[in-house]
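Please look through the sequence and the 3D structure below before reading the report that follows.

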Amino acid sequence: MKTDLKISYPESERVYMEGAIHPSVRVAMRRVRQMPTVTYNGEGRIEEPNPGAYGDPEIDIDLERGLPHLREAWIKERRESNPDNITQMYYAKRGIITPEMEYVAIRENMNCQELGIKSYITPEFVCREVAEGRAVIPANINHPEAEPMIIGRSFLTKINANIGNSATTSSIEEEVEKSIWSCKWGADTIMDLSTGPNIHETREWILRNSPVPIGTVPIYEAMERVNGKAEELTWEIYRDVLIEQCEQGVDYFTIHCGIRLKNVMLAADRLTGIVSRGGSIISKWCQTHQKESFLYEHFDDICDIAARYDVALSLGDGLR
């Protein structure tokens, strides 16, 4: 499977910007030669980000083999030097700039340049923003194929693409094709919302062929394990789903911990009720058992699991 950028953009080439702190950092971009009447960078060309193997026409992509492991050496070094503390947050709080931080600094500046926005984002700034909790780099240690990217208030807005199979339609091949096209057309992250059969295998194929972070809603898979009966959910079932997905390489989770026993009734008179599927599942569980949500009660345990793999959390309130 060859990408067709060379055909679509014959007057272009793939080039890289290297890191100054970490020489192993190489951020991909595409140099596009313009007509002489249009001059950018003083040399008649535009340089813009061009992430992922799908942007390189010279790479023969093998879906069964998966993408190159861009971050493998960086992850291995951290695991060997400090196996108990591998998160970007851990290093940021100590003022240590990781290769991922330098990578996203270069990438943000390149994107700003493309948009004509002045940017002074440095690796040091990225490090401070992560340390202060104002930004996050979703980068599971078991997803080395992913190119580092950052989400935060001081950075460019990111676009997420939702994909996923169901009990009635779609196949693994179709979901992988969706993820590839999402990457080609510029999605910064992909959310796998699969609810049908073969969830684990579908996610594995997506992860191994995704250069962007992959997120999930773990309670969807937990529901599959109890045959769709929300009242039969338990913390243990949910925990096992979290760990399994962390082991696969999922980079971020949506956790519907905002729905609690004391506020479930607030949705009773709403015209739309609870529009979030995850929120409605937790709401039903709380009302059935008249207990506090196990997501809320075990939130510290969820954070501990996420920290072991450097997984980010997206907190879903469920009410919108």
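Which residues does L295 touch, not counting residues up to four places away in sequence?

## The nonpolar cores

With those neighbours set aside, L295 touches Y238, I255, H256, C257, I282 and I302, where contact means heavy atoms within 4.5 Å. L295 is also among the residues with the most contacts inside the largest nonpolar core, which has 45 residues. Such a core is a set of buried Ala, Val, Leu, Ile, Met, Phe, Trp, Tyr and Cys residues joined through side-chain atoms within 4.5 Å; buried means under 20% relative accessible area, exposed means over 50%, and partly exposed lies in between, with a 1.4 Å probe and protein chains only. Helix α9 (residues 235-248) supplies the largest share of this core, 5 residues. Apart from it lies another core, of 17 residues, including M101 and V126.

## How the model is described

This is a predicted model, in which local features need pLDDT of at least 70 and side-chain atom pairs count only at pLDDT 80 or more, while totals for chains, interfaces and linings use all residues. Residues are numbered from 1 along each chain as its sequence is written, and side-chain values use heavy atoms, with hydrogens and water left out.

## Helix α4

Helices (H or I, at least four residues) and strands (E, at least two) are DSSP runs, numbered from the N terminus. Helix α4 covers residues 99-115, and its end C-alpha atoms are 25 Å apart, which agrees with the 24 Å that its 17 residues should span at 1.5 Å a residue; the expected span is 1.5 Å times one less than the number of residues. Because 12 of the 17 residues of α4 are buried, this helix is largely enclosed by the rest of the structure. Just after α4, G116 takes a positive phi of about 75 degrees.

## Salt bridges

The structure holds 15 salt bridges, each being a side-chain nitrogen of Lys or Arg within 4 Å of a carboxyl oxygen of Asp or Glu. In one of them, E147 pairs with R107, the closest N and O atoms being 3.9 Å apart. E147 lies in the loop between β4 and β5 (151-152) and R107 in helix α4, so the pair ties together parts that are 40 residues apart in sequence. Both E147 and R107 are buried.

Another salt bridge joins E244 and R225, with the closest N and O atoms 2.5 Å apart. At a relative accessible area of 23%, E244 is partly exposed, and R225 is partly exposed at 39%.
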